[in-house]
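Please open the model in your viewer and keep the selection tool at hand. The tour moves from one selection to the next, and at each stop it says what is there.

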Amino acid sequence: MWLAQLQQLEQLRGFVPQPGSHFQLTPAFAEALALELCSLFDGRLDCKLEGDQTKFRMFMEETVLRLRHFSAQQSTPQFTNAKIDPNAIVKACLAAMNLRDRSQLGETFKLAFESRFPGQSLDAYENTKLLSAATISRKQIEVDAAYCCFWRQHLSAHKGPIYVWADASPQAGSDWLLSIISLIQDCDLPACVNAATSLASSVRAFRQALAMDDKEEMVRLARKRHQDGEFLQEAMQSHRQVPIAIGSRASSIDYKLRAVCRKFWVEAQSTPLLESLLGSVRGFCTDLGTEMSLADVSGIKLESILPAWISDYGLQSEEGANAALTDFVFPNAVFCPGVLHVCHNMSLEADSDPAGEAGDANGEDSDRLDVALLTTTIRSEWWWFYAQMILRLNSFSSDFSSWCEGCECHFWLKPKYVQSHAGGRSRAVYSDECEQLRAARKSQGFQSGHGDGPEFSPCPLAGRRAPQLAAGAAESYMEELGRSYLLELMECCSCTDPSETDQVLSDFSLGKASMISYLAQKLQCWRVLPWRLAALCVEDVDEARRHAKEALDEFVRAPANPDLHHRLTWKHLQVGSATRSQLEEFIGGQDLTCLPDLFKLVSEMRFLPVVERIQEGDHSIVNRMVQNRRVNGPYIACAIRMPEVKAILSSAEKYSSFLGKFEEISQPDHLAKRFGFWRHPLWQNACAEKFGKRKKMALVSSFLYSLDVESQYANLTSMKKAREKHAAKRKSIQEKWMAYFKPKRRFSEAAVERSAMASHLQTHLVIGRLYSVGSDVALPSLEQALKPAHMQAVLPLTDQGAMDSLLISDAHGVVQDELVDGDQPLETLFFRITCARPSRRKLVQLPAASSSRLGPEDLCVTIHPAWLVSSRWYVDAEPTKAEGVNTPIGILSACRANPDLLRESLTSWSTVKELSFVLAKGEASMNAQVMKLLQRFVQAKAFPCQNESTHEPRHLKLQLDSADSQFKDAAEALLNLKAIEVCSEGAEREWRLTLSGLQQLRHVHMSSVPTPVFRSPEALADLPSEDWVACSSWELFTLLKHHGWTLRQAPSTRARRQALMPHKLNADELVWFLPSTAVHPHWCYMLALLKSTSLFQSGDLEVLHHCQSKAYYTKVLERKHRGHVALPDKSLIDRPDPKLVLEIDVDPDAVPSPAGGDPVPAPRLNALPPHEEARSDWQSGFAGSTVCNGLFFVTNSVPVS
């Protein structure tokens, strides 16, 4: 009735149903009508109904009340204590992860719906609301917990290798440890190896089919590649583990080990499964930070790693279940250094200034802009050429890391980016091979980006270059890059000054050698056992057998002590093991697939990751989504794990199983028992205080991601001691074994002199300068220097035949016909310094039986061949290497070479700044005219282009007048060597270098002005005393010896050293003291001894004491100290040092010490360890109250006094 009366109101036409339509009153319609009536009720109704105004007002008030009562009775609250469908939670979280402001989810959905369905409205669904931003934030923990339970089901059935990427980075207010695991089932491992091998071999087969225009074969190969790619993508699963927060100043290896184990525990949820997963890990790929030690942690049991409140809830495994973990937490894992960080640091080291200084000519920085200098620089041809060289050097790291990130099956499908015009945008240009593969795939109806093709990214095999690194392909690839970059530099050279061109090419050679030596050290692990076994997976079977034989021979020559080997090496290669017998069969000719144990081991190492970009990508995702905000653990977890949840939607079976896990974690108490923190002190406190579900879920998000103080700052002292004890035991065994081959040098004058010589080399040899030694001075290769001690000591260094075998290249020392520029030895080896302190580089810890480390006295050098032309030495700018050596890097050390021979033959050379070239195989034909002609060919760029498939072919030629007799003979000599060719005949014939001539072309330096590095004692004695401050430790040592000073070892105790008789004027005996063989720290002491006579005579010094501090001798040299010091009482010299006693340990009733006795030292106030300091701050901040800050709930706490 009242609805019919309302039809007469014109203001409510929008609420009146159409005639003949079926009307159903809904709560939403009633609420909207009531609001409209209230807005029109304020005296503005134009009443046209029968009756007076008062009755109508009463009618309208009654109608509004009835409408609101109807709406309140019929509406059901959607989000107040009502259970939300798990499907709605998952879909809402997936949608919200794409928005920065989650409160805009409803508006975004409405706009998207209206844009997709124009003319449609969501009014019919107004009673159904989307989840609010606060609800989504609270439900994230349930989604992530359900996903953990979902993965527990998969991990419990997993039997196969696991590979881990791990890295910690400060993000969102915490140092988050993120990790990714890759899993392969044992049953799928042989098929994965076959698929990977098939994909790699199909590249050559497809190219052959393309050359023969065999369409059917290309289609067959495309179909096979597609099948292999889809299988690998399904079999090699990738999974992101839960993020774990690391506390500030609590990021040591012990805390990170606990964090990694908790990652596995959260998804294992039982100790037996956790032990099985830890034993299945085969490799860790991280940078060279703290995480690099995760694979080798030993001496710790699993129950001591996990928190005590986890192991209390029935988590102890059966008896003997931890037997495999008593020595190593990850018994079958190896560490794989991440190549990206290695290449980045390699570029930084190559770009650094060797002198360590930068500024103007006076060594000072200037903030004033020199416009004239800037203009001159921009116009300089040399500056642009040098910039091109720097660009090529930095391309080494980018191209090498890109090669490591790639794979053997899709490298040929990468496009090349070219510019259509100057300043235009680059466009991708695909090769003809790639286009033919696309056409073959399209004919089979394969979808782009699936299975294979240039859009198939990322390939499951990307970043798994372990076989290539173990086989030495990295060094070969770097050499190939170096040759291509050098030709590119020669093509783009625009310098008209030959000396400037010579300088740029020399610096390029030096930078390339420095990078090669850096990579050889950083990636040394791939050349030793057990990493080297990955080389058995190479495609060439003969090469694989050669690597297997070398690896077995290396193990046989090593000592039979398990503490000196890597645990995997000893496990698989010890006498009597099945793997060793199968390795011998493989070397004898047996097929690898017929040897099950060896095939499984090699196959697992085939997929070791070597690039960490996939993990760095997660850090960038978190940083992009967080934007410097402080967020909780569930937000971080969903940011990196929701894409995996989204992938489950494509499988109805998996998605149904995932939704079923929400029942297991529906209540906080279920979560506490499922994840094992129900005995946590804060959880017990929350249960006692009867916290509600919302507060308990906040605690769950804190415990699950290790955001509580008890987890981040737990006292791991016992765990650290157990680990260090086990590591110290192994280290002592290795040091004893090393001391057998390299005994510790005893104190003697010869040992001190050798140490002084090493210091002299470190301080006086300049990086990039040319030096030479006699060929009888051993310069072992870097590979030989990095081999284990027993392999270095097999050949005695005094035997000339052994010496020749240790040389990098015994064929590149050139015998002189006549002595030039001074008295030089008959054979000379030229070298350059590439790195002065390679021992300071952070490297992978390798077993003592497989490798050695460089010492602090070692220097990295490059050996350069030389030619004697017209009584002048011409030294090749490019280094060389001997046969069987991977890198052209050698080691110069005063402790490895004969000190007398080194001191007599080490010579420094200056180089003439001119551009010179020779032919490597035409030494007999080289003369000044031939070298000048070669220079003209290079400057005219008359040589074949580097790669005519990517560059426009050049037709530059060199014109020579046939009547020019100066170069006629030189051209004929080069023509006989087939180094040049005639392009056109005529009065001015046109020539250019042949491809053979270009390959033999060598850029050389003419050396001159030889200077001995070690000056004779007579030459040093002739120096004025003012020049002694520029002398090295060895030169001061030589001067002291020349002036009659006698060296003795200083006493071991401080009191005895202070009791030594000081040096005075006109002393009867000139004696000086050193505590050890190290000389460099006592440079000021030696200089003060040499200058003591003049200081005594001038009255600035009265007495000079021995074994004093550096500050004492500095003041003496500055004439600010007369030398007197307080001497100890001689009666106390033989008395042992007093023992420190704390005040709390002193008896208050004890008799006080007599006058003049040793006073009791005050107690030392040590700083609290991180865990105690954090706990103290936390307790003092929340003591005596119940606080809810989103992370912790603390009640009835007692303040710390």
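Buried means under 20% relative accessible area, exposed means over 50%, and partly exposed means in between, as found with a 1.4 Å probe on protein chains only. Select S706 to begin: at 4% relative accessibility, this residue counts as buried, and its phi is near 60°, a positive value in a residue other than glycine. S706 sits in the loop between α29 and α30 (709-712), where helices (H or I, at least four residues) and strands (E, at least two) are DSSP runs numbered from the N terminus.

A word on the source: this is a predicted model, in which local features need pLDDT of at least 70 and side-chain atom pairs count only at pLDDT 80 or more, while totals for chains, interfaces and linings use all residues. Residues are numbered from 1 along each chain as its sequence is written, and side-chain values use heavy atoms, with hydrogens and water left out.

Next, select K690, which lies in the loop between α28 (681-688) and α29 (693-704). K690 has a positive phi of about 60° although it is not a glycine, and with a relative accessible area of 73% this residue is exposed.

Now show α29 together with helix α6 (residues 133-156). Their axes are 10 Å apart and the two helices pack at an angle of about 55°; axes here are lines fitted to C-alpha atoms, for helices over the stretch in contact, and angles run from 0 to 180 degrees between N-to-C directions. The helices α6 and α29 are therefore oblique to each other, given that angles under 35 degrees count as roughly parallel, over 145 as roughly antiparallel, 65 to 115 as roughly perpendicular and the rest as oblique.

Which residues of α6 and α29 meet? Select R138, I141 and E142 in α6, and K693, R694, M697, V700, S701 and L704 in α29, which are in contact, meaning that heavy atoms come within 4.5 Å. By class, this contact of α6 with α29 has four nonpolar, one polar and four charged residues, where Ala, Val, Leu, Ile, Met, Phe, Trp, Tyr, Cys and Pro count as nonpolar, Asp, Glu, Lys and Arg as charged, and the others, Gly among them, as polar.

The structure holds 40 salt bridges, each a side-chain nitrogen of Lys or Arg within 4 Å of a carboxyl oxygen of Asp or Glu. One of them joins the side chains of D144 and R641 (2.6 Å, N to O). This pair links distant parts of the chain, with D144 in helix α6 and R641 in helix α25 (residues 633-648), 497 residues apart. Both D144 and R641 are buried.

Select E1069 and R1048 next, whose side chains meet in a salt bridge (2.7 Å, N to O). E1069 lies in the loop between α42 (1054-1058) and β22 (1071-1074) and R1048 in strand β21 (residues 1046-1049), so the pair ties together parts that are 21 residues apart in sequence. E1069 is partly exposed, with a relative accessible area of 46%, and R1048 is partly exposed at 39%.

For a network of salt bridges, select D186, R282, K600 and E604, which are linked in this way.

The last stop is P530, found in the loop between α19 (498-522) and α20 (541-557). Select L529 as well, and look at the peptide bond from L529 to P530, which is cis, with omega near 0°.
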